[in-house]
Amino acid sequence: MPDQTPAARLVEVESMLDRSRRRFEEGSRLVEDAHKLLGDIQQQLMGSPATMTADESEEAASKLLTSIKASGGDMPPTLCGGRLAVDQTQRLIRIDGHPIGITEMEYRVLELLAYARNNVVTRTMLLKHLYRRADDQPQPKIIDVFISKLRKKLRMASNGAEFIETIPQRGWILRDI
């Protein structure tokens with residue numbers, strides 16, 4: 001078998017890269033579609049319409065938050081396959097048994113995600129959980145900041161594991177596998 005010229009090898013490598021890029025894009029589309037379908041199914045299970053006015057969204061979030069708090073009762077000792085533990089007494093979290101330093105607000109975000117495990121938690125629900133009075137509520141984007149910082153701390157403590165998943169245009173979910 002004769003050696004390939006650099007030009008022929010370059011064409012072969014470019015072709016391989018192009019095939020890989022197309023497969024990656026196809027996989028990304030499949031994951032995105034799966035997330036959307038999952039969100040649609042969760043929306044149907046919650047019994048709320050796909051589109052809501054701001055007032056309807058606020059009311060649905062209040063009802064779901066009240067329901068979660070009422071039926072939540074006890075939080076399991078561990079979540080996410082035993083890797084994540086939320087200690088309600090000491091108000092701290094542990095990853096693989098090691099305590100993680102988080103702020104009070106980050107703790108409360110994780111607390112609601114843990115109570116609602118396997119259910120989507122909306123920005124409105126988090127705002128209601130974090131800020132009791134409507135006149136105390138900051139800009140809704142503050143929730144993105146809390147989620148981002150919490151994810152970063154969890155990721156660093158767990159060698160890159162992702163615990164909090166974004167459900168596009170709906171909210172976040174803590175999957176308890």
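Predicted model: local features only at pLDDT ≥ 70, side-chain atom pairs only at ≥ 80, totals over all residues.
Two strands count as paired if DSSP finds at least two bridges between them. With that in mind, D87 stands opposite L92 in strand β2, and β1 and β2, the latter made of residues 92-95, pair in the antiparallel sense over four bridges.

- Three strands form an open sheet in the order β1-β2-β3, and their pairing is antiparallel.
- The edge strands are β1, covering residues 84-87, and β3, covering residues 98-100, each of which pairs on one side only.
- On average, and with direction ignored, neighbouring strands of this sheet are turned by 35° against each other.

**Helices on the sheet**
- Helix α3, residues 104-115, packs on the sheet, where it touches β1 and β2, and its direction makes about 110° with that of β1.
- Helix α5, residues 142-157, also packs on the sheet, touching β1, β2 and β3, and the direction of α5 makes about 40° with that of β2.

**Contact of α4 with α5**
- Helix α4, residues 123-130, packs with α5 at an angle of about 90°, and the axes of the two helices are 10 Å apart.
- Because angles of 65 to 115 degrees count as roughly perpendicular, α4 and α5 are described as roughly perpendicular to each other.
- From α4, the residues R123, L126, L127 and L130 meet I142, I143, D144, F146 and I147 of α5.
- The residues of this contact of α4 with α5 divide into seven nonpolar and two charged, with no polar ones.

Methods
Residues numbered from 1 in each chain as written. Heavy atoms only, no water. Axes fitted to C-alpha atoms, helices over the stretch in contact; angles between N-to-C directions. Contact = heavy atoms within 4.5 Å. Parallel < 35°, antiparallel > 145°, perpendicular 65-115°, else oblique. Nonpolar A, V, L, I, M, F, W, Y, C, P; charged D, E, K, R; others polar.
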